[in-house]
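Reader: Hi! Could you walk me through this one? I have some quick questions.

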Amino acid sequence: MSDFTRRVAETATRVAKMLIDKNKQYGDSVHKPLRLFSKLDSEAGIRVRIDDKLSRLARGNDSIESDIDIVDDLIGYLIMLRMMMEEEE
(Lines give C-alpha, C1' and ligand atoms only; values in the text may rest on other atoms or scores of the structure.)
Protein backbone atom coordinates (compact mmCIF):
# COMPACT_ATOMS: atom_id res chain seq x y z
CA MET A 1 0.00 0.00 0.00
CA SER A 2 1.41 3.37 -0.96
CA ASP A 3 1.79 6.17 1.58
CA PHE A 4 -0.89 8.17 -0.28
CA THR A 5 -3.35 5.27 -0.19
CA ARG A 6 -2.72 4.69 3.52
CA ARG A 7 -3.17 8.39 4.36
CA VAL A 8 -6.41 8.62 2.35
CA ALA A 9 -7.78 5.56 4.14
CA GLU A 10 -6.76 6.88 7.58
CA THR A 11 -8.28 10.31 6.94
CA ALA A 12 -11.52 8.86 5.57
CA THR A 13 -11.77 6.49 8.54
CA ARG A 14 -11.19 9.35 10.99
CA VAL A 15 -13.95 11.45 9.39
CA ALA A 16 -16.32 8.46 9.29
CA LYS A 17 -15.71 7.82 13.00
CA MET A 18 -16.37 11.50 13.75
CA LEU A 19 -19.68 11.35 11.84
CA ILE A 20 -20.78 8.21 13.66
CA ASP A 21 -19.77 9.61 17.07
CA LYS A 22 -21.54 12.94 16.46
CA ASN A 23 -24.66 11.13 15.25
CA LYS A 24 -24.70 9.19 18.54
CA GLN A 25 -24.05 12.35 20.58
CA TYR A 26 -26.61 14.60 18.89
CA GLY A 27 -29.09 12.01 17.76
CA ASP A 28 -29.95 11.90 14.08
CA SER A 29 -30.33 15.69 14.02
CA VAL A 30 -29.48 15.97 10.33
CA HIS A 31 -31.96 13.43 9.01
CA LYS A 32 -34.55 13.77 11.79
CA PRO A 33 -34.22 17.28 13.25
CA LEU A 34 -36.54 18.34 16.07
CA ARG A 35 -37.64 21.37 14.04
CA LEU A 36 -38.13 23.54 17.11
CA PHE A 37 -37.25 26.72 15.25
CA SER A 38 -36.31 26.06 11.62
CA LYS A 39 -38.74 24.47 9.20
CA LEU A 40 -36.09 23.79 6.55
CA ASP A 41 -36.03 20.31 5.08
CA SER A 42 -33.02 18.16 5.91
CA GLU A 43 -31.12 18.89 2.70
CA ALA A 44 -31.61 22.65 2.97
CA GLY A 45 -30.56 22.47 6.62
CA ILE A 46 -27.33 20.69 5.81
CA ARG A 47 -26.57 23.23 3.08
CA VAL A 48 -26.97 26.01 5.68
CA ARG A 49 -24.55 24.19 7.97
CA ILE A 50 -22.05 23.93 5.09
CA ASP A 51 -22.42 27.68 4.44
CA ASP A 52 -21.78 28.40 8.14
CA LYS A 53 -18.65 26.25 8.17
CA LEU A 54 -17.33 27.84 4.96
CA SER A 55 -17.94 31.27 6.49
CA ARG A 56 -15.95 30.33 9.61
CA LEU A 57 -13.14 28.93 7.48
CA ALA A 58 -13.02 32.06 5.31
CA ARG A 59 -12.88 34.30 8.39
CA GLY A 60 -10.05 32.28 9.86
CA ASN A 61 -11.09 32.69 13.49
CA ASP A 62 -9.82 29.62 15.33
CA SER A 63 -10.99 30.78 18.77
CA ILE A 64 -14.12 28.61 18.39
CA GLU A 65 -12.68 25.68 16.43
CA SER A 66 -9.54 25.00 14.44
CA ASP A 67 -9.43 25.08 10.66
CA ILE A 68 -8.84 21.31 10.72
CA ASP A 69 -12.02 20.80 12.78
CA ILE A 70 -13.95 22.98 10.32
CA VAL A 71 -12.61 21.04 7.33
CA ASP A 72 -13.45 17.72 9.01
CA ASP A 73 -16.98 18.99 9.66
CA LEU A 74 -17.28 20.15 6.05
CA ILE A 75 -16.19 16.76 4.78
CA GLY A 76 -18.73 15.16 7.09
CA TYR A 77 -21.55 17.46 5.96
CA LEU A 78 -20.67 16.87 2.31
CA ILE A 79 -20.78 13.10 2.90
CA MET A 80 -24.21 13.46 4.50
CA LEU A 81 -25.39 15.68 1.63
CA ARG A 82 -24.17 13.06 -0.83
CA MET A 83 -26.05 10.37 1.09
CA MET A 84 -29.24 12.46 0.93
CA MET A 85 -28.79 12.98 -2.79
CA GLU A 86 -28.42 9.22 -3.28
CA GLU A 87 -31.59 8.62 -1.27
CA GLU A 88 -33.50 10.96 -3.60
CA GLU A 89 -32.42 9.08 -6.75
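Reader: Is E43 buried or exposed?
Author: E43 counts as buried, because its relative accessible area is 17%; buried means under 20%, exposed over 50%, and partly exposed in between, with a 1.4 Å probe and protein chains only. This is a predicted model, where local features need pLDDT of at least 70 and side-chain atom pairs count only at pLDDT 80 or more, while totals for chains, interfaces and linings use all residues. Residues are numbered from 1 along each chain as its sequence is written, and side-chain values use heavy atoms, leaving out hydrogens and water.

Reader: Thanks! Which residue does the E43 side chain meet in a salt bridge?
Author: R47, at 3.0 Å from N to O. A salt bridge here is a side-chain nitrogen of Lys or Arg within 4 Å of a carboxyl oxygen of Asp or Glu. E43 and R47 are 4 residues apart in helix 2, about one turn of the helix. Helices are DSSP runs (H or I, at least four residues), numbered from the N terminus. R47 is partly exposed, at 40% relative accessibility.

Reader: How many salt bridges are there by this rule?
Author: The count comes to 9. One of them joins the side chains of K53 and E65, also at 3.0 Å, N to O. That pair links distant parts of the chain, with K53 in helix 2 and E65 in the loop between helix 2 and helix 3, 12 residues apart. Both K53 and E65 are buried.

Reader: What else does E65 meet in a salt bridge?
Author: R56, at 2.6 Å from N to O. R56 is partly exposed, with a relative accessible area of 34%. A network of salt bridges links K22, K53, R56, E65 and D73.

Reader: Switching topic: which residues does Y77 contact, leaving aside neighbours within four places in sequence?
Author: Y77 is in contact with I46, R49, I50 and K53, where contact means heavy atoms within 4.5 Å. Y77 is found in helix 3, and Y77 is buried because its relative accessible area is 16%.

Reader: And S42, what does that one touch beyond four places away in sequence?
Author: S42 touches V30, H31, P33, R35 and M84. S42 lies in helix 2, residues 42–59, and counts as buried at 17% relative accessibility.

Reader: Last one, where is E89, and is E89 buried or exposed?
Author: E89 lies in the segment after helix 3. E89 counts as exposed, because its relative accessibility is 80%.

Terms used:
Helix = DSSP H or I, 4+ residues; strand = E, 2+ residues; numbered from the N terminus.
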